[in-house]
Amino acid sequence: TVQANNETGISIVKYTGDGSAGATIGHGLSAAPEVIIVKALDATANSNWAVYHTSLGNTKGMILSSTAAEDANAGYWNDTSPTASVFSIGTYSVVNESAKEYIAYCFTPQSDYSHFGSYTGSGSQGSPSVSCGFKPDFIILKRASGAEQWWTGNSATNSSDHWTEWMPLQSNERLQSDTIHSITVTATGFEPYGTSDLVNGSGSTYIYLAFKLTS
């Protein structure tokens, strides 16, 4: 079952796993998704949130409900990139256990609305400068090359472009407020301001999702 909105580049897909490598799922969008988030509807073992991100490629996955680094496992996406019509899944139970039902959230980038990419941390305040093509209102980022929390921030809880208030996505912790984990949004993207491994560890690879929520 597919509900797709190509204007926003978002679709929601419900499917039933068959446990076989190379199964394909239609996503309903007009272009290949760059981010896919999958969650089993049954609260059984291995019902974590699985993440495909274009910057990691089709050989790796991440878990939205975990601090773990990227995982090289063909069981996620069968080492196959999404196409303009379908995405592929492997045999890993977080995406494809036989007879288990799943929901997949699929995203394609939209100019002036959404952007997905990666950057390499510098360990220095204000760098690197990440270009999204617009000023973000909502950002999710995660250190992919090492264990760390998922960082989320938005313009609604921050009174200036220097976002010092953020929340860890994978836990139930409350809103955090500090400088070492902060970022600064710009007219065309954002810059990690903090120097921690959470947002800007020197040489670390980070993936991100950026959205503009206001016109």
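The accessible surface of this protein comes to about 9,100 Å² (Shrake-Rupley method, 1.4 Å probe). Carbon and sulfur atoms hold 47% of that surface.

A word on the source. This is a predicted model, where local features need pLDDT of at least 70, side-chain atom pairs count only at pLDDT 80 or more, and totals for chains, interfaces and linings use all residues. Residues are numbered from 1 along each chain as its sequence is written, and side-chain values use heavy atoms, with hydrogens and water left out.

Now the fold. The protein has two helices and 19 strands; these are DSSP runs, H or I of at least four residues for helices, E of at least two for strands. The radius of gyration, over C-alpha atoms, is 17 Å, close to the 17 Å from the globule rule (2.2 Å times the number of residues to the power 0.38) for 215 residues, so the protein is as compact as a globular protein of that length. Its C-alpha trace spans about 45 × 35 × 30 Å along the principal axes.

Of the 215 residues, 44% are buried, meaning under 20% relative accessible area with a 1.4 Å probe, protein chains only. Take contacts, heavy atoms within 4.5 Å. Among those between residues at least 6 apart in sequence, 61% join residues at least 24 apart.

Next, one residue. Serine 47 sits in the loop between β4 (35-40) and β5 (50-53). Buried or exposed? Serine 47 counts as buried, because its relative accessibility is 10%. A polar atom of the serine 47 side chain lies 2.6 Å from the backbone oxygen of aspartate 42. Leaving out residues up to four places away in sequence, serine 47 touches Lys39, Ala40, Asp42 and Lys100.

Technical notes:
Buried < 20%, exposed > 50% of the residue type's maximum accessible area, 1.4 Å probe, protein only. Polar contact = N/O pair within 3.5 Å; in protein donor to acceptor, adjacent residues only side chain to side chain.
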